[in-house]
Amino acid sequence: MSSDAAAPLIEARKVTRILPGIVPTTLVRDIDLVIRPHEFVAITGPSGSGKSSLLYLLGLLDMPTSGEVLVEGKVTTVMTEDERALARLTMLGFVFQFHFLLPELTVIGNVMLPMRALGRLDRDAMRARGEMLLSSLGLGDHMDKRPDQLSGGQRQRVAVARALANEPPVILADEPTGSLDSKSSAQVFEVLRDLVHGQGKTVVAVTHDAAMAERMDRHVELLDGRIVRDEMHRLAPQPA
Ligand SMILES: Nc1ncnc2c1ncn2[C@@H]1O[C@H](COP(=O)(O)OP(=O)(O)OP(=O)(O)O)[C@@H](O)[C@H]1O
């Protein structure tokens with residue numbers, strides 16, 4: 001393995017996030033965490049332990065009160081908002097518990113949104129890429145439907161396709177199976193697992209599901225905003 005292959009994709013260094021107020025709320029405290037290529041990382045912990053807050057900080061959707069988040073070795077706190085937005089669009093894909101698809105757009109229209117925001121492809125190329133992504137996720141017959149014509153599991157797979165639109169190396173998922181029945185949940189889990197083991201992506205997913213966390217490669221557990229466990233279950237697979 002070259003040293004480049006193991007270079008961190010995302011790194012939190014002594015990250016603390018405190019919400020100001022009459023009684024300030026500490027969301028996470030003193031988080032040190034290194035996310036490397038091809039990792040499949042579960043973030044678990046009791047309700048209110050700071051899982052979503054940590055994911056938002058790693059995803060540059062929120063800023064630390066102190067400490068640094070680095071993306072590909074670059075300190076993001078000193079970036080301009082435009083530079084952070086570019087890092088988000090190119091490096092990170094997001095999947096949330098509730099899919100957040102735009103109801104007025106078709107499935108393919110939703111998947112093309114991040115490509116439009118980045119503005120690097122023309123319309124035909126965006127559509128072709130969207131079709132390829134949706135077909136690869138078993139949604140080839142649903143591209144021109146609206147999100148409300150799909151099942152919950154299908155909607156969540158559309159959300160995964162949208163997260164992959166700009167080919168980011170990292171997918172951050174907040175309870176991606178939290179609103180699904182067990183069959184759809186298993187399907188979405190397999191999609192995420194294949195992103196790592198089949199396509200060499202990195203997936204970091206917040207989950208309440210202990211069984212799901214045990215099936216992922218690394219398990220980070222939070223309690224009261226701090227990391228209390230960080231275990232590798234198995235080595236991250238290297239791409240062929
Ligand atoms: N905007 C906010 N205003 C006030 N308190 C907040 C806000 N966001 C989060 N908190 C508090 O910060 C703590 C951490 O919240 P966070 O959502 O990160 O936890 P979590 O582990 O993801 O919880 P859950 O599993 O219930 O989603 C909680 O005590 C929460 O109530």
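Trainee: Which residue in β8 is the bridge partner of Leu172?

Mentor: Val204 in β8 is the bridge partner of Leu172. Keep in mind that this is a predicted model, where local features need pLDDT of at least 70, side-chain atom pairs count only at pLDDT 80 or more, and totals for chains, interfaces and linings use all residues. Residues are numbered from 1 along each chain as its sequence is written.

Trainee: OK, and how does the chain get from β7 to β8?

Mentor: From β7 the chain goes through helix α6 (residues 182–197) to β8, a right-handed β-α-β crossover. Right-handed here has the strands pointing away from the viewer and the path from the first strand over the helix to the second running clockwise. Helices (H or I, at least four residues) and strands (E, at least two) are DSSP runs, numbered from the N terminus.

Trainee: How many bridges hold β7 and β8 together?

Mentor: Five, in the parallel sense, with β8 spanning residues 202–206. Strands pair if DSSP finds at least two bridges between them. β7 is also joined by four bridges to β6 (residues 92–95), again parallel, and Gly93 stands opposite Ile171 there.

Trainee: Switching topic: what surrounds the ligand?

Mentor: The shell includes Leu19, Thr25, Leu27, Gly45 and Lys51, counting a residue as near if its C-beta atom, placed from the backbone, lies within 6 Å. By class there are two nonpolar, eight polar and one charged residues. Ala, Val, Leu, Ile, Met, Phe, Trp, Tyr, Cys and Pro count as nonpolar, Asp, Glu, Lys and Arg as charged, and the others, Gly among them, as polar.

Trainee: Which element gives the largest share of that shell?

Mentor: α1, with three residues. β2 (25–35) and α1 (51–58) each supply at least two.

Trainee: What's the strand order in the open sheet?

Mentor: The order of its four strands is β2-β1-β4-β5, with antiparallel pairing. β2 and β5 (74–75) are the edge strands, each pairing on one side only. Two bridges join β4 (residues 66–71) to β5, and Leu70 stands opposite Val75 in β5.
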